[in-house]
Amino acid sequence: MSEKNLVPLKDRMKIPRVPMPELDPQVRSRNFEEVNLGLSAAGALEEATRCIACAKPGCVVDCPVGVKIKEVVALIHAGDYLAAAAKMREDNALPAITGRVCPQENQCEGGCVLGKKGASVAIGNLERFIADYERSSGQLGLPPNAPPTGKSVAIVGSGPAGLSAAGDLVQMGHRVRVFEALHELGGVLVYGIPEFRLPKSIVKSEVDNLHRMGVEFETNVVVGKSVTIDELMQHEGYDAVFVATGAGLPRFLGIPGEHLIGVYSANEFLTRVNLMRAYDATEYDEPVYDCRDRDVIVVGGGNTAMDAVRSARRLGARTATLVYRRSEAEMPARLEEIHHARQEGIEFRMLTNPVELIGDEKGWLTGARCARMELGEPDESGRRSPVEIKGSEFILPANVVIIGVGTNANPLVQASTPDLQTTSRNYIVADTQTTRTSKRGVFAGGDIVTGGATVILAMGAGRKAAKGIDEYLRSGEWA
């Protein structure tokens, strides 16, 4: 194991949280380079020293994938970074990714005792540090695989749920093949999250690690069109299928003018920026309507909306404005993302909601008619409902409007699998613990079951699916 932390407990509790080094806002707002630069070895040691090694660590309880955080941090404190990374990979197949985009403040760090009276241990920053150290060392600590079982599993979708399930299942000895509809692997990790938050090279590295573990991948396969679930099981011989297609169907506002030129869903905009390389205009033809010297409005308050507005700023927008119908206190975006956006010059228009998009006689967008809002009683989400203030309408100039108010279920698998039970909103019905669906041998998890959520919650669903699939393949029982 690791050497004991000899710093007295009362002294550890006095050590301030080590800040994450960041790229200067004036520089980064004009490029797509990664904002957070990563802790140094000295910074990681100091941060790991802060851990008080709780007898019952709340950080582990609140981690959706059950990482043994206490043991990992102890290994970092001992300076054994490769062992720490190997320990992390026992439960988390994508540590370099989750260390960058997981909302730790609401999960593992939210369970940290130090956070009750001060700043929690920066678990996410430590996770990123050891994953990056491992990658740069070239000494990958992959967990061993069990002997082959002779069983095969098809995974539909290479997003966080699918990749997490694949990593666990291949360790259990099953043959695993992941089918991805797009030409690059990673799902939302590559098409939805910008380069400045999660470099594509990091995603590729983690996918390559899974390939080394024995996971097979196939791109450009649209399950539901190219091949059906029934065909995978009946003709191609897969013993089980895990559906992890996500919730990628765009949702719009349903207001006049959404047909105008210059209006995007956030999904389309970010996909064009990320997969079609709009962020690299020197090498690629720009696949989005030019944001340079134009007024851009992004509607929404979550991380996707934040990613879109920060991307528009980097693409040269004259003004980049976030319009949100509630107050900043209700925004679901991470506090770090809000902080970074303000540093980069993003304008926030809170308690504001578009009611109409306006265009010229040629169909080009020219502005958004907005209404001011006030907060009423809480709704089913627990947040106070926005109510329009009569007579408060005004016009914001806009050449580009990006709608980032959420998504709906991707419908292709459900449409081609009639015996798969779905909800009224077309999400797949699956058991919350085993991820079993109404169809024998078919499992589902992540956003296609829950609706849009976080990367780490999708990974947690992937781990549950792997466990459920393994139990089914070994027992043959379906109850």
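Predicted model: local features only at pLDDT ≥ 70, side-chain atom pairs only at ≥ 80, totals over all residues.
**Ground rules**

I number residues from 1 along each chain as its sequence is written. Local features need pLDDT of at least 70 and side-chain atom pairs count only at pLDDT 80 or more, while totals for chains, interfaces and linings use all residues; side-chain values use heavy atoms, with hydrogens and water left out.

**Cores**

I began with the nonpolar cores, each a set of buried Ala, Val, Leu, Ile, Met, Phe, Trp, Tyr and Cys residues joined through side-chain atoms within 4.5 Å. Here buried means under 20% relative accessible area, exposed means over 50%, and partly exposed is in between (1.4 Å probe, protein chains only). The largest core has 71 residues, and Ile76, Ile155, Leu189, Phe242 and Ile469 have the most contacts inside it. Helix α18 (residues 455-475) gives the most to this core, nine residues. I take helices (H or I, at least four residues) and strands (E, at least two) as DSSP runs, numbered from the N terminus.

Where does this core lie? Domain 1 (9-137) and domain 2 (152-248 + 409-475) both give residues to this core, so it lies between them. The domain bounds come from an automatic or database domain assignment.

I then looked up Ile469, which touches Val153, Leu169, Ala240, Phe242 and Phe443, leaving out residues up to four places away in sequence. Contact here means heavy atoms within 4.5 Å. Another core, of 32 residues, lies apart from the largest one, and Met306, Val309, Ile346 and Met350 are among its members.

**The sheet**

Next I traced an open sheet of five strands, ordered β6-β14-β7-β8-β9 with parallel pairing. Two strands pair if DSSP finds at least two bridges between them. Which strands stand at the edges? They are β6 (263-265) and β9 (347-349), each with a single partner strand, so one side of each has no neighbour in the sheet. On average, neighbouring strands are turned by 20° against each other, direction ignored.

Between β7 (residues 295-299) and β8 (residues 319-323) I found five bridges. Val298 stands opposite Leu322 in β8. Helix α14 (residues 303-314) packs on the sheet and touches β7, β8, β9 and β14 (400-403), with its direction at about 170° to that of β8. Axes are lines fitted to C-alpha atoms, for helices over the stretch in contact, and angles run from 0 to 180 degrees between N-to-C directions.

**Helix α3**

In α3 (residues 41-49), I listed Gly43, Ala44, Glu47, Ala48 and Thr49 as buried. These buried residues pack against α1 (9-12), α5 (69-77) and α8 (123-137).

**Single residues**

Gly167 is in helix α9 (residues 160-171). Is Gly167 buried or exposed? Gly167 counts as buried, at 0% relative accessibility. Gly167 touches Leu210 and Met213, again leaving out residues up to four places away in sequence.

I also checked phi. Asn220 has a positive phi of about 60° although it is not a glycine. Asn220 is in the loop between β3 (216-218) and α12 (229-234), and is exposed, with a relative accessible area of 51%. Leu351 has a positive phi too, near 50°. Leu351 is in the loop between β9 and β10 (352-359), and counts as partly exposed at 27% relative accessibility.
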